[in-house]
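I opened my notebook to keep a plain record of what I look up in this structure.

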Amino acid sequence: MPLLTHSRLYLQRLGYDAPPAPTLQTLQALQLRHVCTFAFESLSTLMRLPVPIDLPSVEQKVLLEGRGGYCYELNQMFLALLQELGFDASGITGRVVMGGPPDAHTARTHRLSLVTLDGVRYISDVGFGGMVPSSPLQLDTEALQVTAHEPFRLTFDGEGSYTLWAQVAGEWRGLYVFDLQVQAGIDYEIGNWYVSTHPGSPFVGQLKVARLAPGKRYTLNNASYAVHYLDRPSEKRTLGSADELLDVLGRTFDIQVPVSASLRQILDSLVVAIS
């Protein structure tokens, strides 16, 4: 796994002046701080632009240009940081089932990480949009696991596949199914190619943005903006113009948007489509 060129900057963005020790407490803090700092966002696929996932390109985009990214970017950068800090960590992939039956056999298009600490295995994920876990989750238990946000749990089918569930409004919802199959760089390239270019991808031509904060989740699906709270009903509204979208992207999601005439036109089309 290539090392980060800008690991010091990355750690500073996460609130560290020096590299922390590779402990469970550190992993928990890193994951929570990451999902509250860096936005999940699909501006590139909205504009039908290439999404390079080599580590230097991801660092340039997220750390230097003030953007966010999706799982193939954010989880790759996070994994590189974990490995640089001395964690026993590797990349794995899964199949998203959120919004459908939990036993659906969907494409393998989600990237996450497997981390082992003192013989205990955890999954760590900083790139699953509006329902990203805010804490690492212990793999080999089906018990409810409390996080800084919703409770999660994992189930195992006895044949190698795990399902991640989140409890939302009292209901358990399946998010994705994964296994521990070793992945090569080409596996991520193929998945990323599908997500960023295929007409059937839910990201192509679509705006999906998310970021967490203490006690809440911010989401933006095209022009539909929502704040989801842990202790009260969500607040939802439709944004009415490209300027309003740009303001929310900058103020709420802390994204330095590469504004252009073509982007404004695309954002206006999102508003028109939902009105």
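The entries below follow the order in which I looked things up.

**Entry 1: the whole chain**

I note at the start that this is a predicted model, and I keep that in mind for every value below. I looked up the secondary structure and found that the protein has 8 helices and 12 strands. I then looked up the extent of the C-alpha trace, which spans about 50 × 40 × 35 Å along its principal axes. The radius of gyration is 18 Å, and this agrees with the value near 19 Å that a compact globule of 275 residues would have. Of the 275 residues, 51% are buried. I also checked how far along the chain the contacts reach: of those between residues at least 6 apart in sequence, 55% join residues at least 24 apart.

**Entry 2: helix H7**

Which residues of helix H7 are buried? I found that in this helix, which runs over residues 242-251, they are Ala242, Leu245, Leu246, Val248 and Leu249. They lie on the same side of H7, because the arc they cover around the axis is only 165 degrees. I wrote a reminder beside this: an α-helix has 3.6 residues a turn, so residues three or four places apart point the same way.

I next asked myself what the buried residues of H7 pack against.

**Entry 3: salt bridges**

I counted 10 salt bridges in the model, and I looked at some of them in detail.

In one of them the side chains of Lys61 and Glu73 meet, with 2.7 Å from N to O. Lys61 belongs to helix H4 (residues 55-64) and Glu73 to helix H5 (residues 71-85), so this pair ties together parts that are 12 residues apart in sequence. Are these two residues buried or exposed? I found that Lys61 and Glu73 are both buried.

In another, Arg108 is paired with Asp179, and their closest N and O atoms are 3.0 Å apart. This pair links distant parts of the chain, 71 residues apart, since Arg108 is in strand S3 (residues 108-117) while Asp179 is in the loop between strand S8 (171-178) and helix H6 (185-197). Arg108 has 25% relative accessibility and therefore counts as partly exposed, whereas Asp179, at 16%, counts as buried.

I also looked up the salt bridge between Arg237 and Glu244, where the closest N and O atoms are 2.7 Å apart. Arg237 is partly exposed with a relative accessible area of 42%, and Glu244 counts as partly exposed at 29%.

**Entry 4: Ser196**

I found Ser196 in helix H6, where it counts as buried at 9% relative accessibility. A polar atom of the Ser196 side chain lies 2.7 Å from the backbone oxygen of Asn192. Which residues does Ser196 contact when its neighbours within four places in sequence are left aside? I listed Thr45, Val51, Tyr70 and Val204.

**Entry 5: cysteines**

I searched for disulfides and the count came to 0. The cysteine sulfur closest to that of Cys36 is in Cys71, and the 19 Å between them is too far for a bond. Cys71 is itself buried, with a relative accessible area of 7%.

**Entry 6: residues in two loops**

I finished with the loop between H3 and H4, where I found Pro50 and Arg48.

In the loop between H7 and H8 I found Asp254. Asp254 also has a positive phi, about 55 degrees, although it is not a glycine. With a relative accessible area of 43%, Asp254 is partly exposed.

How values were computed
Residues numbered from 1 in each chain as written. Predicted model: local features only at pLDDT ≥ 70, side-chain atom pairs only at ≥ 80, totals over all residues. Heavy atoms only, no water. Buried < 20%, exposed > 50% of the residue type's maximum accessible area, 1.4 Å probe, protein only. Helix = DSSP H or I, 4+ residues; strand = E, 2+ residues; numbered from the N terminus. Arc of directions from axis to C-beta. Contact = heavy atoms within 4.5 Å. Salt bridge = Lys/Arg side-chain N within 4 Å of Asp/Glu carboxyl O. Polar contact = N/O pair within 3.5 Å; in protein donor to acceptor, adjacent residues only side chain to side chain. Disulfide = S-S within 2.5 Å. Rg over C-alpha atoms; globule rule 2.2 N^0.38 Å.
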